[in-house]
Amino acid sequence: MNDLKPVLTDAKVVKLQGVAKGIFELLLKPEIEMPEPQPFQFVSLHYGSFQLRRPFSVAGFKEGLLRVVFKIKGRMTEELASLRIGEKISLMGPLGSAFDYSKYKRVLAVAGGIGIAPFLYFFSKEVNSRDISLIYGVKTLEEAWYEEIFTDLKGFLLVTEDGSSNYYGYPVDYIIQVSSYFNPDAVVVVGPQAMLESLIPVTFQLNVPFFVSLEPYMGCSLGACGSCLVKLSDGTYVKACTEGPVFDLKRLSMGGVQK
Amino acid sequence: MTLKLSKTTLKSPLVLLSGTVSPQILSFLRPDSIGLVVLKTITLKPKEPNPEPRMWDLGFGVLNSIGLFNLGVDNFISKELPKYLELGFDYGISISGFSRDEFIEVARRVSQSVRDIENIKALELNFSCPNVEKGGIQFASQPEEINYLTSEVTRNFNGEVWVKISPVYDVLEQVNAAIDGGATGIVVANTFPSTAFDRSLRNVLGAGSGGLSGPALLPINLLNVKKASSIKTLIIASGGVDSFHAFKSYIAAGANLVGIGTALFRNPLLPEHLIEELKSEMKSLNVGSFSEYLITVRRKEEEK
Ligand SMILES: Cc1cc2nc3c(=O)[nH]c(=O)nc-3n(C[C@H](O)[C@H](O)[C@H](O)COP(=O)(O)OP(=O)(O)OC[C@H]3O[C@@H](n4cnc5c(N)ncnc54)[C@H](O)[C@@H]3O)c2cc1C
Ligand SMILES: Cc1cc2nc3c(=O)[nH]c(=O)nc-3n(C[C@H](O)[C@H](O)[C@H](O)COP(=O)(O)O)c2cc1C
Ligand code: FES
């Protein structure tokens, strides 16, 4: 667990804009200053008449402003997409443990869909301190967007399921190929459950550590409810909200990445 | 604020309910604001969680099917409890079992190891658990089991022994069985068994069903508290408290202490806000103690 106690505060909507089909960028100004998050940590938001908060990756943090990038998935994300500038929502964070990637100098980032969100913050902090290459997969070109910072990466591949970009298929299909010339010393994967499962065969072909960010349903994000329990390879369980969300894939039992 | 119970004193009328607390949540709170923190129910052996998803936000309530996931009594005592004790709150230990023997053994091990720990004020007996010796029906549906087990536990434990009843079965039968067995308080009540489907009509919980908590449970357990209050005993309300109005409603219905669970997930600071409101209301009513406050609120309820 992150040693810093998270803050719980109202935050003002500074900016909300659509960046791709069904995907929005939200900039928030917390009323109480939030400690600087580490890449891959997350925050939880609450807006509207819901009982539970919802977890979202930190997609950026600069001069006290928090950036979240979200996809409309259900009820609260629908409401978040209709927020107005100046409106207030409840913010708690930073949450989760910091992922210690300090010893990896050549990181292959693999993002599926909205899984790009935590990488945006990671890139902004780390692009000058290590070599990073990105494989970014989406269903169709309309769901992808381009960020300036991608040009500073060592490599960038956009993969689409419908072949609307030059690379057709799933991002995991390209890990071996890209690794053959990029030679990563770690692979970090963020994406939907099915993508994490499809990763397993690839890990047998590539002798580098694989890290995955898990997104189980999180009821509290504070280690209390047990909705996010993840099974480890030794048969014990940990809470993804406090010990994760990023795990070395080796630590997880297959059950941990299966639905 | 001090509240005198039959076996101990508490610092506040607020109880944090079993299964909804963590050290991270407690880090938002001051020990003086909380009467008792009831920890997650423990059983004799470690228990696996139910399949995912284990939780669902209905908007008007929450479903959970965490199950009795826990590390087992021995790991709890050696690994988990010490971390909580460092934080300076007063605690209740919630126990359960799948048979009479298991129940009694968990109670025995806990009673023995917490005997000299001043911050452990209560045992809570969670009877919403299947009795494998009786074909898997819940202990809560069998007053004779409640009675037998409560008297076994109270014989060996000196502090408060609270019985948490189920909202599904007859309230008075459960309360009478518990009090007759020596219980010093009744937690009214646990979650209500329920289910829900998502937009594509799939079950929202991996286990197929779970327990309903949050605001949807409030009107149900408010009536249960009212029923239980016809018997003279300490009543701890549980279900859907997320505002001062909800807190006061339970007091008016006959509760002596009020539990908070699900609402902590959205706002871990809620207990601090409730205590502030309570203090300022006690001041404006010009009452000096919480017991005086209870009388005042209930008198107002009767006058209506
Ligand atoms: C650590 C973490 C980081 C995340 N980062 C992002 C991000 O940066 N951008 C983004 O768009 N999404 C992210 N998500 C997913 C996001 O939390 C869900 O899409 C969101 O909660 C959906 O809320 P809803 O009310 O719109 O959906 P609902 O109507 O409640 O449900 C629709 C679906 O959303 C999922 N979901 C709902 N509530 C939760 C919850 N509390 N926890 C996890 N999943 C849930 C469920 O699978 C459900 O089937 C992240 C999840 C986790 C656990
Ligand atoms: C995630 C979760 C886990 C729970 N675990 C337990 C438990 O282990 N033992 C128990 O007696 N009650 C458990 N409960 C029930 C609560 O203690 C409480 O009685 C109930 O949720 C109603 O109160 P609330 O609406 O304020 O949450 C749990 C509730 C939730 C939401
Ligand atoms: S989300 Fe509640 S324990 Fe992790």
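## A tour of ligand 1 and the A–B interface

Select ligand 1 to begin: the ligand lies between chains A and B. This is a predicted model, in which local features need pLDDT of at least 70, side-chain atom pairs count only at pLDDT 80 or more, and totals for chains, interfaces and linings use all residues. Residues are numbered from 1 along each chain as its sequence is written, chains are lettered from A and ligands numbered from 1 in the order written, and side-chain values use heavy atoms, without hydrogens and water.

**The shell.** Show the 21 residues around ligand 1 (a heavy atom within 4 Å). A:Pro55, A:Lys71, A:Met76, A:Thr77 and A:Met218 come nearest. Now colour β4 (54-57), β6 (65-71) and α1 (75-80) of chain A; each supplies at least two shell residues. Helices (H or I, at least four residues) and strands (E, at least two) are DSSP runs, numbered from the N terminus. β4(A) gives the largest share, four residues.

**Oxygen atoms of the ligand.** Pick A:Thr77: a polar side-chain atom lies 2.4 Å from a ligand oxygen. At A:Arg54, a side-chain N or O atom is 2.9 Å from an oxygen of ligand 1. The protein covers 88% of the 860 Å² of accessible area that ligand 1 has on its own (Shrake-Rupley method, 1.4 Å probe).

**The interface.** Zoom out: 31 residues of chain A contact 29 of chain B (heavy atoms within 4.5 Å).

Terms used: A polar contact is a pair of N or O atoms within 3.5 Å; within protein, one must be able to donate a hydrogen and the other to accept it, and residues adjacent in sequence count only if both atoms are side-chain atoms.
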